[in-house]
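Please walk through this structure with the model open beside the text.

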Amino acid sequence: MIKICGITTLEDALEALAAGADILGFNFYPHSPRYISPTVCQAVVRAVREAHPWAILVGVFVNAPAAQVLDTLDTCGLDLAQLSGDEPPEILEQLGERAFKAFRPRSQDELESLLRVYPLRREGPAALVDAMKPGLYGGSGQMADWRAAAWLAQRAPILLAGGLTPENVAMAIAQVQPWGVDVASGVEAAPGRKDKIRLRAFVQQVRKAYVALSTINQGDEL
Ligand SMILES: O=C(O)c1ccccc1N[C@@H]1O[C@H](COP(=O)(O)O)[C@@H](O)[C@H]1O
């Protein structure tokens, strides 16, 4: 599964889906260079749904109250919420299957501790593993702890995020074996605007990497 995050225009949404994205992310964190207002998002979602009814559409939130998350999901017509802030576990319990947590662990130990208190969604995406960069909640262009992510990927259908690019995503998939990958800055022409060539290169690399992975895994089963 491929999630292209930080979509701010209809043009970029359609370009990402035409390139082969399965999931789009819309960022409601006001300090993000990828911020989109609920009003603009609603219009983008309406047009996207007509052309690509199967796409999974996700809202990215940072420390928003549960009521505001639900209201924004419903107003914009989004499927799921990604909680990328310092939200307490209770908010995930309140939102149930409509939300998943973005973890930014510094180590596997830290991730294991977080999972003792935070629930995972039952289906993919169960959670997202992103990079820890002090002062930023995401979109840092830094790589996540792949060892921790690989540990969780063996137990749940996760999205791997953090500094992924067309150049490194194949290596990330080979090492972490995630359910899906998520990219924001690595496919941009400028903050908040996607680059068509990098989008297509990213998708091509992801597809090749999953084909290689399934060949290896089938060989292991023989
Ligand atoms: O993209 C942002 O600006 C952002 C801001 C606040 C919370 C989350 C954000 N984005 C998420 O971070 C990952 C990783 O980004 P990148 O690929 O390293 O640039 C991104 O996919 C979003 O889910």
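Start with Asp79 and Arg49, whose side chains form a salt bridge with N and O 3.1 Å apart. This is a predicted model. The two residues come from distant parts of the chain, 30 residues apart. Asp79 sits in the loop between helix 3 and strand 4 (80-83), while Arg49 belongs to helix 2. Asp79 is partly exposed, at 30% relative accessible area. Arg49 is also partly exposed, at 25%.

How many salt bridges does the structure hold? The count is 12. In general, side chains of opposite charge can pair when their charged atoms come close.

Turn next to Asp12 and Arg193. Their closest N and O atoms are 3.1 Å apart, and the two form a salt bridge. Asp12 lies in helix 1 (residues 10-19) and Arg193 in strand 10 (residues 193-194), so the bridge ties together parts that are 181 residues apart in sequence. Is Asp12 buried or exposed? Its relative accessibility is 5%, and the cut-off for buried is under 20%, so Asp12 counts as buried. Arg193 is partly exposed, with a relative accessible area of 33%. Glu11 joins in as well: Glu11, Asp12 and Arg193 are linked in a network of salt bridges.

A further pair is Arg198 and Glu167. Their side chains meet in a salt bridge at 2.9 Å, N to O. Again the pair links distant parts of the chain, here 31 residues apart. Arg198 is in helix 8 (residues 196-221). Glu167 is in the loop between strand 7 (158-160) and helix 7 (169-176). Arg198 is partly exposed at 24% relative accessible area. Glu167 has 60% relative accessibility; exposed means over 50%, so Glu167 counts as exposed.

Now look at the strands. Strand 2 (residues 23-27) and strand 3 run parallel, joined by 5 bridges.

Move on to the helices. Two packed helices are described by the angle between their axes and the distance between the axes. Helix 2 (residues 38-51) packs against helix 3 (residues 66-76) at about 40°, and the axes are 8 Å apart. That angle makes helix 2 oblique to helix 3. Which residues of helix 2 meet helix 3? They are Pro38, Cys41, Gln42 and Val45, and they meet Thr72, Thr75 and Cys76 in helix 3. By class, this contact has 4 nonpolar residues, 3 polar residues and no charged ones.

Finish with the backbone. Most residues other than glycine have a negative phi, and most peptide bonds are trans. Asn63 has a positive phi of about 55° although it is not a glycine. Asn63 is found in the loop between strand 3 and helix 3, and is partly exposed at 39% relative accessible area. Gln177 also has a positive phi, near 55°. Its place is the loop between helix 7 and strand 8 (180-183). Gln177 is partly exposed, with a relative accessible area of 36%.

The last stop is a peptide bond. Gly124 and Pro125 are joined by a cis peptide bond, with omega about -5°. Pro125 lies in the loop between helix 5 (108-117) and strand 6 (127-129).

How values were computed:
Residues are numbered from 1 along each chain as its sequence is written. This is a predicted model: local features need pLDDT of at least 70, side-chain atom pairs count only at pLDDT 80 or more; totals for chains, interfaces and linings use all residues. Side-chain values use heavy atoms; hydrogens and water are left out. Axes are lines fitted to C-alpha atoms, for helices over the stretch in contact, and angles run from 0 to 180 degrees between N-to-C directions. Helices (H or I, at least four residues) and strands (E, at least two) are DSSP runs, numbered from the N terminus. Angles under 35 degrees count as roughly parallel, over 145 as roughly antiparallel, 65 to 115 as roughly perpendicular and the rest as oblique. Contact means heavy atoms within 4.5 Å. Ala, Val, Leu, Ile, Met, Phe, Trp, Tyr, Cys and Pro count as nonpolar, Asp, Glu, Lys and Arg as charged, and the others, Gly among them, as polar. A salt bridge is a side-chain nitrogen of Lys or Arg within 4 Å of a carboxyl oxygen of Asp or Glu. Buried means under 20% relative accessible area, exposed over 50%, partly exposed in between (1.4 Å probe, protein chains only). Two strands pair if DSSP finds at least two bridges between them.
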